[in-house]
Amino acid sequence: MNPVSLDEIVRRVEEIPALPQYAHKVLKLTEDPSTTVTELSEAISRDHALAAKVLRMANSAYYGYARRIYTIGDAVIILGFGTVRNLVMAASIYHVMDRELPGYVLARGELWKQSIVCALMARKLARRCSYDNPEKAFVAGLMHDIGKIILNTYLSEAFAVILDKVNKEKVPFMTAEEEVLGFNHAVVGGKVAEKWNLPEELVEAISLHHNPGGARISPALTAIAHLTDVACMTMGVGLGADGLLYPYDGYALKVLRITHPDLEEIISEVSDSMFDVDSLFPE
Ligand SMILES: [Fe+2]
C-alpha cells in the first residue's frame, strides 16, 4: 500500500468538527483571573446539553465529592475553575472520541474510556512530580491519541503489513505505522490540536507522546503524555491492536524525576479507582 499523502491527512483533519464556540469561550474565561464564578457558570449554563454533561461528570466518583452537585454554580465553587474547564473540554470532544476504530481494534467507547483514564492518570502524575499545571496535563492525557481517529481509516488495509513489520523487525507499533502509512497517529493528533487552537505545549505533547525526547517547548508535559499512554496500555485500558507494543522511554522518567516504582504506584492507585469509569461517560 502507498503511504498516505499530506494533502489527504490535512483534508481528513479538516473534516473533524471544530471545537464548539462555547468551548473556546469557557476555556478563555477559565484562563482569565478576573472571571467570576457567576460569569463562568452563566457561560456554561447557556448551553443546556453542555451543562447536563458537565453535571453528570462532576457527580462521578472521580471528582471525589460525596454529596450531589445540582447546579453548575456549585460545580464551579466546589470543583474549581481548572476541573470545570476540563469537564467542558471532555464534554466538547466526547462526540469526536466516541467512535468505533476498527483499524486499531477499538470498539465504540474504548478510545474515550482510555483517554479519560489517561487524563486522570496524567493529572495524578503531574501532581506527584510537581508539574505546575496538572489541569493542562489532564487535557494532554485526554487528547493524546486523537490522531487515531484519522489514521484509523487507512489502518484496516495496512494493518497486516504493520503487524508483520512489528513481529519481524521488532520495531514499536508506531514506527511501523509511520513506515507503512507515512504518518504516525501522534503527529496527526498534533494537527488536530493545532486546528483546535490548543496551546503550543499541548500540540507538542500530543505530537511527541511516543517520542518524548524530541520535546523542546515542554519536555515535562510531553513526558507526562508519554508515560500515561504506556501506563494505560499496561493497565489494559483501551487495549487495541497496538497495546503492549510500546516501550517506556527512560528519558521521560528522568525528565519528571520519578522512578519505575513511583509510576507503578500511580498505576495501582488509578486501577483501584476504576470501579466507576462508566460514570465518566457524559451521555
Ligand atoms: Fe499513542
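Is K170 buried or exposed? I began with this residue and found that K170 counts as exposed, because it has 8 C-beta neighbours inside 10 Å, where 12 or fewer is the cut-off for that class.

**Entry 1: the model and its confidence.** I noted at the outset that I am reading a predicted model. I looked up the confidence of the protein chain and found a mean pLDDT of 86, with 90% of the residues reaching 70 or more. Going through the elements of the chain, I found the lowest mean pLDDT, 83, in helix 9 (residues 148-169), and the highest, 96, in helix 12 (residues 200-207). I keep in mind that where pLDDT is low, the predicted coordinates should not be read in detail.

**Entry 2: two loop residues with positive phi.** Returning to K170, I placed it in the loop between helix 9 and helix 10 (173-181), and I recorded a positive phi of about 55° there, although K170 is not a glycine. I then turned to N197, which sits in the loop between helix 11 (185-195) and helix 12, and whose phi is near 55°, again a positive value in a residue other than glycine. As for its surroundings, N197 counts as exposed because I find 11 C-beta neighbours inside 10 Å.

Entry 3: In helix 9 I looked at V161, which is partly exposed, with 14 other C-beta atoms within 10 Å. I checked its separation from A176, which is 15 residues away along the chain, and found 8.5 Å between the C-alpha atoms of V161 and A176. In helix 10 I picked T175, which is partly exposed with 19 other C-beta atoms within 10 Å; the threshold for buried is 20 or more, so T175 does not count as buried. From T175 to V203 I read 20 Å, C-alpha to C-alpha, for a pair 28 residues apart in sequence.

Entry 4: I located R11 in helix 1 (residues 6-15), where it counts as exposed because it has 11 C-beta neighbours inside 10 Å. The C-alpha atoms of R11 and F159 are separated by 22 Å, and the two residues are 148 residues apart along the chain. I next examined helix 2 (residues 21-31) and helix 3 (residues 37-45), which pack at an angle of about 170° with their axes 10 Å apart. That angle makes helix 2 roughly antiparallel to helix 3, since the class requires an angle over 145 degrees. I listed the residues that make the contact as K25, V26, L29 and T30 of helix 2, together with E39, L40, A43 and I44 of helix 3.

**Entry 5: the nonpolar core.** Which residues have the most contacts inside the largest nonpolar core? I find that this core has 86 residues, and that those with the most contacts inside it are V54, M121, A122, A140, I206 and I224. Helix 7 contributes the largest share of this core, 11 residues.

**Entry 6: E110.** I placed E110 in helix 7 (residues 110-128). E110 counts as buried because it has 20 C-beta neighbours inside 10 Å, and 20 or more is what that class asks for. I also looked up D98, 12 residues away from E110 along the chain, and the C-alpha atoms of the pair are separated by 7.7 Å.

**Entry 7: helix 13.** I checked the length of helix 13 (residues 219-235), whose 17 residues should span 24 Å at 1.5 Å a residue, and since its end C-alpha atoms are 24 Å apart, the two values agree. I also looked at how covered helix 13 is, and found that 14 of its 17 residues are buried, so I describe the helix as mostly covered.

Note on methods
Residues are numbered from 1 along each chain as its sequence is written. This is a predicted model: local features need pLDDT of at least 70, side-chain atom pairs count only at pLDDT 80 or more; totals for chains, interfaces and linings use all residues. Helices (H or I, at least four residues) and strands (E, at least two) are DSSP runs, numbered from the N terminus. The expected span of a helix is 1.5 Å times one less than its number of residues. pLDDT is the predictor's confidence in each residue, from 0 to 100. A nonpolar core is a set of buried Ala, Val, Leu, Ile, Met, Phe, Trp, Tyr and Cys residues joined through C-beta atoms within 7 Å. Axes are lines fitted to C-alpha atoms, for helices over the stretch in contact, and angles run from 0 to 180 degrees between N-to-C directions. Angles under 35 degrees count as roughly parallel, over 145 as roughly antiparallel, 65 to 115 as roughly perpendicular and the rest as oblique. Two residues are in contact if their C-beta atoms, placed from the backbone, lie within 7 Å.
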